[in-house]
Amino acid sequence: KGALDAAARRIGVVADINRLFVKASAVESRFDDHFVRELAAKCVTANGAAGRISVETKISPIALGQDRFLPLALTMVEAISNAIEHGFAEDEIGRIHIGGRPDGAHYVFEVADTGRGLPAGFDAGRTQSVGLMLVRTFATRLGGAFEMENNGGAVSRLTFPLAGSGGKERAAHPGVVKGVVE
């Protein structure tokens with residue numbers, strides 16, 4: 001029953017992302033601090049962690065074609081859900097930091113938590129978890145790479161080329177936008 005409840009919550013968040021696309025009339029979508037904070041808040045609530053897991057964001061906005069925006073957004077949902085589910089005990093208070101920035105010709109997106117970290121010997125490339133298998137598929141679709149490591153908790157990182165899907169991706173503006181979701 002717990003697994004079914006978790007799946008239903010994640011489907012609800014995915015439905016929210018889909019509604020964004022139905023409303024969007026543009027060919028590009030802006031992956032920015034506002035979007036990340038809103039989606040993160042929905043993920044935290046859907047995972048029953050509102051009030052005990054806070055989210056901090058530091059996103060350099062990027063405009064992405066819809067065919068690349070969705071895999072990035074779904075990767076974010078999975079990384080946040082994994083951080084909550086595996087990083088913290090049910091009553092534990094913690095923090096998740098979500099960051100995104102250009103790095104040369106690539107965009108680096110990270111979700112880091114202050115939880116217990118990855119178990120010894122964990123290999124994100126070999127796990128048979130459905131969620132991580134999907135994230136690896138999204139990374140491939142973006143022409144990028146997904147990795148996980150320990151660094152004061154678990155860190156999930158998706159790196160993908162800025163130029164892709166016809167070279168349409170671009171930094172939305174050079175400033176970094178910061179925000180906090182409590």
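This is a predicted model: local features need pLDDT of at least 70, side-chain atom pairs count only at pLDDT 80 or more; totals for chains, interfaces and linings use all residues.
- Helices (DSSP runs of H or I, at least four residues) and strands (runs of E, at least two) are numbered from the N terminus; the expected span of a helix is 1.5 Å times one less than its number of residues.
- Of the 22 residues of H3, 17 are buried, so the helix is largely enclosed by the rest of the structure; buried means under 20% relative accessible area, exposed over 50%, and partly exposed in between (1.4 Å probe, protein chains only).
- The largest nonpolar core has 40 residues; such a core is a set of buried Ala, Val, Leu, Ile, Met, Phe, Trp, Tyr and Cys residues joined through side-chain atoms within 4.5 Å.
- H3 gives the most to this core, with nine residues.
- The residues with the most contacts inside the core are Phe31, Met76, Ile80, Ile96 and Ile98.
- Apart from neighbours within four places in sequence, Ile80 is in contact (heavy atoms within 4.5 Å) with Ala40, Cys43, Ile96, Ile98 and Val111.

**Val111**

- Val111 lies in strand S5 and, with a relative accessible area of 2%, is buried.
- Neighbours within four places in sequence aside, Val111 is in contact with Ala79, Ile80, Ile96, His97, Ile98, Ala154, Val155 and Ser156.
- From C-alpha to C-alpha, Val111 and Glu56 are 9.9 Å apart in space, and they are 55 residues apart in sequence.

**Aromatic pairs**

- There are five aromatic pairs in the structure; rings of Phe, Tyr and Trp (its six-membered ring) pair if their centres lie within 6.5 Å, and planes under 30 degrees apart count as stacked, over 60 as edge-to-face and the rest as tilted.
- The Phe31 and Phe109 rings form an edge-to-face pair, because their centres are 5.6 Å apart and their planes stand at 80°.
- This pair links distant parts of the chain, with Phe31 in strand S1 (residues 28-31) and Phe109 in strand S5 (residues 106-113), 78 residues apart.
- Phe31 counts as buried at 0% relative accessibility, as does Phe109 at 1%.
- Phe31, Phe35, Phe69 and Phe109 are linked into a cluster by ring pairs.

**Helix H4**

- Helix H4 (residues 130-141) has 12 residues and reaches 16 Å from first to last C-alpha, close to the expected 16 Å.
- Gly131, Leu132, Val135, Phe138 and Ala139 are buried in H4.
- These residues cover an arc of only 110° around the axis, which puts them on the same side of H4; the arc is that of the directions from the helix axis to the C-beta atoms.
- The exposed residues Val130, Thr140 and Arg141 are carried on the face of H4 turned away from its buried side.
- H3, strand S6 (145-150) and strand S7 (154-161) are the elements against which the buried residues of H4 pack.

- S6 and S7 run antiparallel and are joined by six bridges; two strands pair if DSSP finds at least two bridges between them.
- Asn150 stands opposite Ala154 in S7.
- Three residues lie between the strands of this hairpin, in which Gly152 takes a positive phi near 70°.

How values were computed
Residues are numbered from 1 along each chain as its sequence is written. Side-chain values use heavy atoms; hydrogens and water are left out.
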